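Open the model in your viewer and keep the sequence panel in reach. Each stop below says what to select and what is there.

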Amino acid sequence: MRSKAAAALMLAVLLLFAPAAGGPFKKLVSAEADIHLVVRGTALSTDAFIENGNTVVPLREISEALGAEVSYETGTDGKQIITLKRNDRTASLTIGSAVMTANGKSIRLEAPARLHFDVTMVPLRAISESLGTVVTWDASKRIISIDDPIELPTVGSEEKLRELMETMSAQNRIVNKSGVVADGSIREESAEIAAPASDESKNSSDYSQTNVQVGGVDEADWAKTDGRFIYQLSGSRVLISDIADSARPKLAATLDYTAKDGFNPQELYVDDKRLVVIGQRQVRLPYPAAGGDQPVTGGAASRESGLADDAPSDAKRGIWMPVPMLSTVKTFIYELNEAGQPKLVRETEQEGSYSSSRKIGSALYVVTNKNNYSYPLYDTGKDGGNTAKDQLPASFQPLYSDSAESSELKSLPLDSIRYFPESPDANMLLVGAIDLDAADQPLQLSAYLGSSQTIYASEKHLYVAISKYTAEGDAYKQETQIHKFRLDQGRIVYIGEGSVPGTILNQFSMDEHEGYFRIALTKGDMWASGKDGSTNNLYVLDEKLNTVGKLEGLAPGERIYSVRFMGGRAYMVTFRNVDPLFAIDLNNPVKPAVLGQLKIPGYSDYLHPYDENHLIGFGKETVEIPSKGMGANETMAFYQGMKIALFDVSDVSHPKEKFKETIGDRGTNSELLQDHKALLFSKEKGLLAFPVELLEIKNKETIKSADSLAYGEFTYQGAYVYGIDLKKGFTLRSRITHLTAEDLAKSGQYGYDYNKAVRRILYAGDTLYTLSDHMLKANNLSSLKESGSLAYPAKPKDSAIYPDGRQVQPMQITE
């Protein structure tokens, strides 16, 4: 018979991974089951107990198991300070203190170090992770594992690089009916696809914050406010507006990047002491001179002497080659003073196209994708001893710089570049990580062959999803590879890899909750039948990315349009002709189950939580009409105007569409349907606002009811401001535009002055602000009457950019 002490030990270790008493592991494994603690492959038998929901263990035993050195000293207050050191990592705890210093950063502990009968007890997970190990829980085997991080293989040599590139390039040329094309991208279907909404950021101050997916994980945006100033992009500029007096807003500062060697700002962050501007820098490189006339794409070879501006002689050889370009992402970091004046203190640069970024406290993570051209693999001719194959290693090595060390670009060598085994993507994922509070800590650039296609970030982890298609007879198997990294105070640590069948829609198809990773995918082709037809599935993975639960076969013949994970539930919208909203129970991760569904016309691209029992859906209204040539009973759905709906899931087995509103006619759109950050929502204020481009059909009575393909004509662009509550639903309070009557008179059927398009709506204090490239407008939040405005200076004439945001200039790079 087990002793009470043994049972208590097992419960304590188990609850290490449950943030509260109602966590998932208590439900999966009883306290009497055998729970094993394994450290670096060796079982560890130790005394432990639970404190504030965290397991604490004897310092001596865990430090010895981890191979950490321990030292003691007495602080000025007389309390004992314990310092553990393992490799290049340190952790310092003070007996009785709830703060631990790990690698120079302060971390709050739920369970402080303390003495228990003269034995020093420390929090297990906090200590282990701060010393660089990986802590995971295997529910099926009931094992808590503490291991060193997995080391992915390195490229290392030119021979290995060519082998990997040839394998990946061959796979990227797969073409199949599922929509995989030569470059590995996915063909878009005819209906619009948009991202689901995100949770409203927790905000104790009286100003709005960017609408982000995960609380505590900031996302860069086109505009932000700190309540005292508004920071926004306008072409090649960042404008800082003083809103202390909302009746007389004024321009406090302007950052103009017109002359910054092809730099185009794309997004920014703001906190209480700094401004961070992230953008793309794209420049044209010269071609090599005669004797080596292949273009180079940004490696060390592109900076050698002998480069000329004339094009190579490839036309004589019948070989098409792209214009040599160098794409990098630059990050400018500014200190802000009380007057809103920015002072540049640091800048970093890393090669690739901007994918996304996240900011967690002072830690900034910038993700880019570097395109690796594969054409040098197929050139075997020599010109003066310099072949494209000779240039491959140099062009492959990514460039980066950090002004904390040097402003000169340097390349990452092959032995520092790792690769995802069996990755289908020949491009490269680059993650630049810095601690903005640590000026002496240089940029950590991590490079992985096999680029990211979609990323999701929680407060502790970064997940990278890559679509993969492999041949299975005459068909192809769809998979999504998932790679997991720990976000570690301005560094990243690789955790592991998993895979699930199907392809995801976007970042909102992924979620992390209480140690589990949840992901929703569509498998197959919605326009096919039989085994090739589509189904929609949801999988739950444990901390090691092993699948522990799954729910398959939802809505055959449809595909996912949006997903919203909310704690122990998930809401999924699929669509083909009607919009089923599925409510899914995830409280038992090993057995996800459908709780209920609602079928209504239209679809929701975008789901946003109102509260735990209500959702707001944003998408399009649709009409269903008979389809010619598809069978007697076949129909097709055609989207119409924009639709917003309030769903009641109080009775989760019978979801209801409680209220809905339709805006405009076919062609009406909102940036919100492509970017969740365009939404302003405050439940406390009963406020809902987003930009709308309104198209309306004139003389509707002359349009046949069956003619669902008729588009409206442009009539308006601006902010739609709604009141929202559970009694009245949506109440349109006002519309705010930056277009004048003259602008509207000049507009065409589909176009207008896009510089005056309202893109973001913010609030600070009792004022609502609408922002466009052209101006800032202030309206009283209660009455919505205009109280002030600020017209921005005209954009510099030479700041024109390509429609895709590029600014291309030829330039010479020198060492």
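## The whole chain

Start with the surface: the protein has an accessible area of about 34,200 Å², and 48% of that belongs to carbon and sulfur atoms. Areas come from the Shrake-Rupley method with a 1.4 Å probe; for residues, only the protein chains shown count as cover. This is a predicted model, where local features need pLDDT of at least 70, side-chain atom pairs count only at pLDDT 80 or more, and totals for chains, interfaces and linings use all residues. Residues are numbered from 1 along each chain as its sequence is written, and side-chain values use heavy atoms, with hydrogens and water left out.

Colour by secondary structure. The protein has 8 helices and 55 strands. Helices (H or I, at least four residues) and strands (E, at least two) are DSSP runs, numbered from the N terminus.

Now colour by burial. Of the 815 residues, 56% are buried. Buried means under 20% relative accessible area, exposed over 50%, and partly exposed in between (1.4 Å probe, protein chains only).

Take contacts next, meaning heavy atoms within 4.5 Å. Among those between residues at least 6 apart in sequence, 58% join residues at least 24 apart.

## Helix H3

Select residues 59-66, helix H3; Leu59, Ile62, Ser63 and Leu66 are buried here. They lie on the same side of H3, because they cover an arc of only 100° around the axis. That arc is taken from the directions from the helix axis to the C-beta atoms. Arg60 and Glu64 are exposed, on the face turned away from the buried side of H3. Step just past H3 to glycine 67, which has a positive phi of about 70°.

Go to asparagine 506, in the loop between strand E34 (492-501) and strand E35 (510-513). Asparagine 506 is buried, at 11% relative accessible area. Its side chain reaches the backbone nitrogen of phenylalanine 508 at 3.1 Å.

Jump to arginine 248, in the loop between strand E16 (237-242) and strand E17 (250-256). Arginine 248 is exposed, at 61% relative accessibility.

## Aromatic rings

Show the rings of Phe, Tyr and Trp (its six-membered ring). They pair if their centres lie within 6.5 Å; planes under 30 degrees apart count as stacked, over 60 as edge-to-face and the rest as tilted. There are 22 aromatic pairs by this rule.

Select tyrosine 463 and phenylalanine 517. The pair is stacked, with 4.3 Å centre to centre and 15° between the planes. Tyrosine 463 is in strand E32 (residues 461-472) and phenylalanine 517 in strand E36 (residues 516-523), so the pair ties together parts 54 residues apart in sequence. Both tyrosine 463 and phenylalanine 517 are buried.

Next, phenylalanine 575 and tyrosine 603: centres 4.7 Å apart, planes at 55°, so this pair is tilted. Phenylalanine 575 is buried at 4% relative accessibility, and tyrosine 603 at 2%.

Select Tyr606, Phe618, Phe690, Tyr716, Tyr720, Tyr722 and Phe730. Ring pairs link these residues into a cluster.

Finish with charges over rings (NZ of Lys or CZ of Arg within 6 Å of the ring centre and within 35 degrees of the ring normal). Arginine 735 lies over the face of tyrosine 716, 3.8 Å from the ring centre. Arginine 666 lies over the face of tyrosine 639, at 4.2 Å.

Technical notes. Polar contact = N/O pair within 3.5 Å; in protein donor to acceptor, adjacent residues only side chain to side chain.
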